[in-house]
Amino acid sequence: MQTLIQSVLALQNGHLQSLDVLLDGQYIHTVAPAGTLSASPDCQTIQAISGQDKLLLPGFVNGHTHSSQVWQRGLIPQLPLELWLANVFESTPRQLEQFYWGAVSTAVDTLLSGGTCLLDHAYLIPGQELETIDALVRGYKAVGIRAVIAPLIQDLPFASGFPAGCLLSQAASPRSAAQLLALMETIIAEFHDPDQSIYIGLGPTGFHRCSDQLLQGCADLSQQYQLCYHMHLLETRAQQRLAQERYGISAVQHLHNLGCLGSRTSLAHGVWINNQDIDLLATCSTTLVHNPVSNLRLGSGLAPILQCVQAGLNVSFGCDGAASNDAQNLLEAIKLGTILHTVTDSDYEHWLTPEQAIVMATIGGAKGVNLSDRTGAITAGMEADLVLYNLNHPSLLPRTNPLQLLVLGRPTEVVEAVWIRGRQIVDQGRVLTVDTHTLHRALRQHPANSEAAQTHHHLVEAHYRQVMLRS
Ligand SMILES: [Zn+2]
């Protein structure tokens, strides 16, 4: 089956151009100047699509989210990460069905805000780890999105994630590093399935709640199976202080010493990395995933994104989970991540342009999930992960610079069509693969535990106030 998108605006080499784009099966077959392509006559099935008044971009990658947090949207009060997290753990869903619908909901929101791929740093139901992954895989396959599932694992107790955490009571971690690594081997063997667009990644929570043994073991598995290695990094000032307390050197240097940094590694946040960290990460070809909405919601700070870009560090965008974003809109994350950093540098020549932001969200995103050989560009031979935007939608009018308006404006309902590996998943703004009414009914039928919106962790809160606010 071939699809020919004719005379469509697309971003090529930093400029908008009018192109013909021919898809053949799961691949982009040919990209040529507008008006020069027609479907090959021997092809029995051809779909021709007019690109008039349309913009075609590679699909964005949501480089960091936690799909089950869909159920905690609008639930957790405004608190700093360390206190917010106590609430999140308490109200995490416990039913497999909720994980299935969380995946479906996250995938649908991703598609309808320009994404074709996401990285789910996935919570697991204790004792039902394989069943949880199975529910997520079923959800992503039902939608047809490209999904990297990196199960969240940790082997240190909750309190260890705080500076001076030894002053808090420590509940033992239920699983050792060796047990968690064995679990990951099982998950990889059972669920890693690139032919179905499902990829397993290694996802230790972050240095703050993981032993060196676990961090290193994950790096070994990433190397052995050539899988994405993903974790949180220096999201908050408390984590920066913890790294100094525990290692006496920066967390980035420590991860480098353990062999955890490489081109398959992507790190979420990096709000508190310093200039030496940035240079080291760039040298290691590692990716930083910028989550501006979540960083503001939790008061974590502004990641030094302009310095990262200037140092040649690959940066992509993420929404982070819906408990710290309250939505899953990639266009919103990209807009905020583009304009936020003007306040940090008065030299306007350093500011991010909309074209740069699109490259970060597409090619940068694909690299961050270890899939840049397959997706992220409109180039012959790449797999066809494409999004077609309707430039006649009122939120994209008047026709000034469509790309600038898409990034800096407030586009709503502008995604007209989406293809993933050549398969059309969205048409005329409607998801073809799942019934969104059923999804919405499921979301209505599982009210979240609103009691969890209270801060129950008074001990943790007192400790946090003592350590972070009074010293
Ligand atoms: Zn996160």
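This is a predicted model: local features need pLDDT of at least 70, side-chain atom pairs count only at pLDDT 80 or more; totals for chains, interfaces and linings use all residues.
User: Thanks! So is glutamate 413 buried or exposed?
Analyst: Glutamate 413 has 11 C-beta neighbours inside 10 Å, so it counts as exposed. You'll find it in the loop between α13 and β16.

User: Let's zoom out. How many helices and strands does the protein chain have?
Analyst: The protein chain has 15 helices and 18 strands. Its C-alpha trace spans about 70 × 50 × 40 Å along the principal axes.

User: How does the radius of gyration sit with a compact globule?
Analyst: They agree: a compact globule of 471 residues would come out near 23 Å, and the protein chain has 22 Å. Buried residues make up 52% of the chain. Of the contacts with a separation of 6 or more, 75% are between residues 24 or more positions apart.

User: Nice. What domains is it divided into?
Analyst: Domain 1 covers 2–57 + 378–431, and domain 2 covers 60–368. Their centres, taken over C-alpha atoms, are separated by 30 Å. The contact takes 18 residues from domain 1 and 20 residues from domain 2.

User: Which element gives the largest share of the side of domain 1 that touches domain 2?
Analyst: That's α13, with four residues. On that side of domain 1, α13, β16 (415–420) and β17 (423–427) each supply at least two residues. By type, the residues there are 13 nonpolar, two polar and three charged.

User: Since you mention α13, where does leucine 405 lie?
Analyst: Leucine 405 lies in helix α13 (residues 402–408). It has 20 C-beta neighbours inside 10 Å, so it counts as buried. Not counting residues up to four places away in sequence, leucine 405 touches Leu396 and Thr400. Its C-alpha is 9.9 Å from that of leucine 391, which is 14 residues away along the chain.

User: Which peptide bond is cis around there?
Analyst: The one from leucine 397 to proline 398, with omega near 0 degrees. Proline 398 is in the loop between β15 (386–390) and α13.

User: Now the largest nonpolar core: which residues touch the most other members?
Analyst: Out of 140 residues in that core, they are Val21, Leu56, Ala107, Leu111, Leu136, Ile145 and Val418. Helix α2 (residues 96–111) gives the largest share, eight residues. Domain 1 and domain 2 both give residues to this core, so it lies between them.

User: What is leucine 111 in contact with?
Analyst: Leaving aside neighbours within four places in sequence, leucine 111 contacts Ile145, Val415, Val418, Ile425, Val426 and Val431.

User: Last one: is strand β4 mostly buried or in the open?
Analyst: In the open, largely, because the number buried among the five residues of β4 (residues 46–50) is zero. Strand β4 pairs with β1 (residues 2–12) in the parallel sense over five bridges, and isoleucine 46 in β4 is the bridge partner of glutamine 2.

Conventions: Residues are numbered from 1 along each chain as its sequence is written. A nonpolar core is a set of buried Ala, Val, Leu, Ile, Met, Phe, Trp, Tyr and Cys residues joined through C-beta atoms within 7 Å. A residue is buried if 20 or more other C-beta atoms lie within 10 Å of its own, exposed if 12 or fewer, and partly exposed in between; C-beta atoms are placed from the backbone. Domain bounds come from an automatic or database domain assignment. Two residues are in contact if their C-beta atoms, placed from the backbone, lie within 7 Å. The radius of gyration is taken over C-alpha atoms; the globule rule is 2.2 Å times the number of residues to the power 0.38. Ala, Val, Leu, Ile, Met, Phe, Trp, Tyr, Cys and Pro count as nonpolar, Asp, Glu, Lys and Arg as charged, and the others, Gly among them, as polar. Two strands pair if DSSP finds at least two bridges between them.
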